[in-house]
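Subject: A structure for you to explore

Hello,

Here is the structure I promised to pass on to you. Have a look at it first, and then read my notes below.

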Amino acid sequence: MSASVTAVPSGTVGFSDEQLAELGMSFRGPIYAPGDPGYDECRSVENLAIDRHPGLIIRCSGEADVIDGVALARDHGLLLAVRGGGHHVAGHGTVDGGLVLDMRDMNGVWVDPVNKTVRVQGGATWGQVDREAQVFGLAVPGGVVSTTGVGGLTLGGGIGWLHRKWGLSCDNLISAQVVLATGELVNANADEHPDLFWAIRGGGGNFGVVVDFTFHAREVGPEVALAAVFHEASAGAELMPLWRDLALRAGDDVTTRALYWSMPPAPDLPPPVQGKDVFIVAAMYAGDKQDGQGIIDEFRSLGDPLFDMSEHVPSYRAFQAGFDPLVTNLYSYWKSTYLDELTDDAIAFIHERAMSRPDPSVLIHVPIMGGATAAVPADATAFGDRSAPFMLSFDGGTYDREKYDKVRRWVRESIDAAGRIEGAGGAYLNFSGDEPGEERVIRQQFGANLERLKAVKTQYDPGNLFRINNNITPN
Ligand SMILES: Cc1cc2nc3c(=O)[nH]c(=O)nc-3n(C[C@H](O)[C@H](O)[C@H](O)COP(=O)(O)OP(=O)(O)OC[C@H]3O[C@@H](n4cnc5c(N)ncnc54)[C@H](O)[C@@H]3O)c2cc1C
């Protein structure tokens, strides 16, 4: 890399045309500077409320580009963002004025069906993993939509349809290849760099760029027993206690969530739910379909639904991608907390918030936790306390830029009020919109793990090069 490339003092990129041409020659992946064709498309991230203008974007095509990109940022004092799937609601995959290492072209997936492992490059999405793994009847525990990045979701934890059976995404990680701030490429696993391996399982992108993940793959599908049942939102007050009781006795093979939402008036949706405010009961059995159908049918038989979509979803892959079109192109702001107990009072509070949602695209999401997730001790990975049986997340979204501030305010009010529920605490940092005071939330979530995280950060990134994330500052 040319030593003549300079940066302006603020940490933003200030390259001349000649310098950019030189960079364009040395990287294998394309680079984009402001004004270049494709720059605007490339700089966008999932959350439309995030409108940042990086000084330079490098679409990394391999490890060499990542190593040189890290060196470029480090040696020239540039703010550095690493973009995986670009889904973090706070826009951690991009940065104003700085350098973005865009990983999305590094999306290779290799399945080893004999040893039941999957190797995934650092910029792949869960849909790409599912495509390759499901051919062999395998799945890596990921999220509940197909477009999220494996990178950010895994490094921050990862909940989906399999976490009660198989734990968080990060619990299924066997090994990772990481480009450190020094530019060195290291393996992190139980035997090599074990502290780093501990830290990247929940500690986010604080420690380096993961170019390659190797996961355990689990036998799932292609067909699965699942529930996707739509009720009138007003029925939620009565149904949620029944759902809670069933969720708690359904066993660890079942992961389930209750949601309040509004379906768009889209003609391709079943007529009974078009344009309706709904309470959704969703569940999946993580094993043989025949074995799971009985318990899943209990979720389907709660109440008197508007529409039961369950039989219309033919496979695990279809379930994973089913909500994709409904959760994109939104101006978003999310906040979450954990609940030690989903009491009747908590349910009454959630229902009251659901009835006051400021936009149809605002989602209230209550997933069950526990199971294999809670079986991992809090200090075994960086993730932190896993004891809460439920999460409560306010996923504020709107298609209307003008309504974004109102949605954001409502989410803030809701999370503040939720904080007064007895037994509420912590936050899932993968669901965390940016705000001043985030450090307090980070401290609360990592708890006793924070000191060890800071020590690992100090060892691997003492200059805090990787700081566009839920940042753990070095000592
Ligand atoms: C529509 C939607 C659905 C979601 N569903 C779920 C869900 O079901 N379950 C769940 O747990 N979460 C879910 N999330 C939250 C998701 O986990 C976070 O948004 C996560 O950060 C996404 O990762 P990403 O790579 O797409 O994001 P990015 O914004 O690209 O990255 C997020 C953070 O991770 C870092 N990062 C990403 N890749 C790498 C890498 N290879 N090496 C080092 N650092 C990296 C980035 O630097 C950044 O700090 C959802 C989010 C959205 C918007």
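How do the residues of the lining of the second largest pocket divide into nonpolar, polar and charged? There are three nonpolar, seven polar and five charged ones. In this scheme Ala, Val, Leu, Ile, Met, Phe, Trp, Tyr, Cys and Pro count as nonpolar, Asp, Glu, Lys and Arg as charged, and the others, Gly among them, as polar.

Before you go on, please note that this is a predicted model, where local features need pLDDT of at least 70 and side-chain atom pairs count only at pLDDT 80 or more, while totals for chains, interfaces and linings use all residues. Residues are numbered from 1 along each chain as its sequence is written, and side-chain values use heavy atoms, with hydrogens and water left out.

**Pockets**

The second largest pocket holds about 250 Å³ of space. Its lining has 15 residues, and Ile 415, Gly 426, Arg 440, Val 441 and Gln 444 are the closest to its centre. The elements β16 (331–339), α13 (404–418) and α14 each give two or more residues to this lining. (Helices, H or I with at least four residues, and strands, E with at least two, are DSSP runs numbered from the N terminus.)

The largest pocket has about 370 Å³ of space, and its lining divides into 14 nonpolar, two polar and one charged residue.

(A pocket is an open set of points on a 1 Å grid over the protein atoms alone, with protein on both sides within 12 Å along at least five of seven lines; a cavity is a set where a 1.4 Å probe fits but cannot get out; lining residues have an atom within 4 Å of a point. Points are joined across faces, edges and corners, and a volume is the space filled by probe spheres set on them.)

Gln 445 lies in helix α14 (residues 438–446) and counts as buried because its relative accessibility is 5% (buried means under 20% relative accessible area, exposed over 50%, partly exposed in between, with a 1.4 Å probe and protein chains only).

**Cysteines**

The structure holds zero disulfides (pairs of cysteine sulfur atoms within 2.5 Å).

Enjoy exploring!
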